[in-house]
Amino acid sequence: MLPDERPVYLDQQISDNVARVQQRIAGAAEAAARRVEDVQLVGVSKYVGVVESAALLAAGCVDLGESRPQQLWDKAGESSLATAQWHLIGHLQRNKVRRTLPLVQLIHSVDSERLLKTIDENARQIDRKARVLLEVNCSGEKEKHGLSADKLKRLLEVAPGYDHVSICGLMTMAARQGGERTAAENFRKLRLLRDEVGKDCSSEISLEELSMGMSRDFEVAIREGATIVRIGSLLFDGIEK
Ligand SMILES: *Cc1c(COP(=O)(O)O)cnc(C)c1O
């Protein structure tokens, strides 16, 4: 099957899913007395191939997130996905920065000064300012990536020295266990931390974005101030992967 020969049912199912998710985003924004325009949907396409990703794009979900750099590189090279705006949401190794940087509009997962430095050097070489978020571990789970509050503060102190990187905000993932209540606590922690460190950091850094919330907890995240939600599974409901 050619990438632009998608079965009708696929486009139908995915556009229904996108509409349903967008409606829920709007509902959650309204309930929190927030503007729906202030919550951006990143469709996480890591579960599916090029054809399904293209259906997501055709359904109006232009911002696509991948967690593995290699998969992002492959998809970004596909003509049927040429209009996508790519987000790297997973762990980035330093040796993959050079190839990733020109393809993405936002890296959600910077969690060390070494990585920030490598991104800065590569951005300088291609005469760009790289947009990144700093990933924070708000759940305390050991297996999760992300900075502690203290390390975040230290990184923000040295960040102004990296002038080819623009730090736009923070990202986190809620604990796997504990349901909505724990997720809400994790998300609130990120927002309060942002409010706290945002006051102290250099005037060139504006930590406006809060990337938090996935399929199972995005409404809670919106209530706690998410400006970007990263949703995968719900968008592919009813699709064979
Ligand atoms: C996979 C993934 C998501 C999407 O998760 P769903 O539960 O499928 O919506 C969001 N963020 C990150 C970092 C991910 O790896």
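Helix 1 and helix 2 are oblique to each other in this predicted model. Helix 1 spans residues 8-31, and helix 2 spans residues 50-58. They pack at an angle of about 50°, with their axes 9 Å apart. The crossing is right-handed.

The contact draws on both helices. Helix 1 brings Leu10, Asp11, Ile14 and Val18. Helix 2 brings Val51, Glu52, Ala55 and Leu56. By class, this contact has six nonpolar and two charged residues, with no polar ones.

| Pocket | Volume | Lining by class |
|---|---|---|
| Largest pocket | about 670 Å³ | nine nonpolar, nine polar, nine charged residues |
| Second largest pocket | about 190 Å³ | seven nonpolar, two polar, three charged residues |

The largest pocket is lined by 27 residues. Closest to its centre are Lys46, Ser67, Ile89, Gly90 and Met173. Its lining divides into nine residues of each class: nonpolar, polar and charged.

The second largest pocket holds about 190 Å³ of space. Its lining includes Leu116, Lys129, Ala159, Pro160, Tyr162 and Asp163. Also in the lining are Val165, Ser166 and Ile167, along with Glu204, Ile205 and Ser206. Strand 6, residues 165-171, gives the largest share of this lining, with three residues. Seven residues of the lining are nonpolar, two are polar and three are charged.

Technical notes: Residues are numbered from 1 along each chain as its sequence is written. This is a predicted model: local features need pLDDT of at least 70, side-chain atom pairs count only at pLDDT 80 or more; totals for chains, interfaces and linings use all residues. Side-chain values use heavy atoms; hydrogens and water are left out. Axes are lines fitted to C-alpha atoms, for helices over the stretch in contact, and angles run from 0 to 180 degrees between N-to-C directions. Helices (H or I, at least four residues) and strands (E, at least two) are DSSP runs, numbered from the N terminus. Angles under 35 degrees count as roughly parallel, over 145 as roughly antiparallel, 65 to 115 as roughly perpendicular and the rest as oblique. A crossing is left-handed if the near helix is turned anticlockwise from the far one by less than a right angle, and right-handed if clockwise. Contact means heavy atoms within 4.5 Å. Ala, Val, Leu, Ile, Met, Phe, Trp, Tyr, Cys and Pro count as nonpolar, Asp, Glu, Lys and Arg as charged, and the others, Gly among them, as polar. On a 1 Å grid over the protein atoms alone, a cavity is a set of points where a 1.4 Å probe fits but cannot get out, and a pocket is an open set with protein on both sides within 12 Å along at least five of seven lines; lining residues have an atom within 4 Å of a point. Grid points are joined across faces, edges and corners, and a volume is the space filled by probe spheres set on the points.
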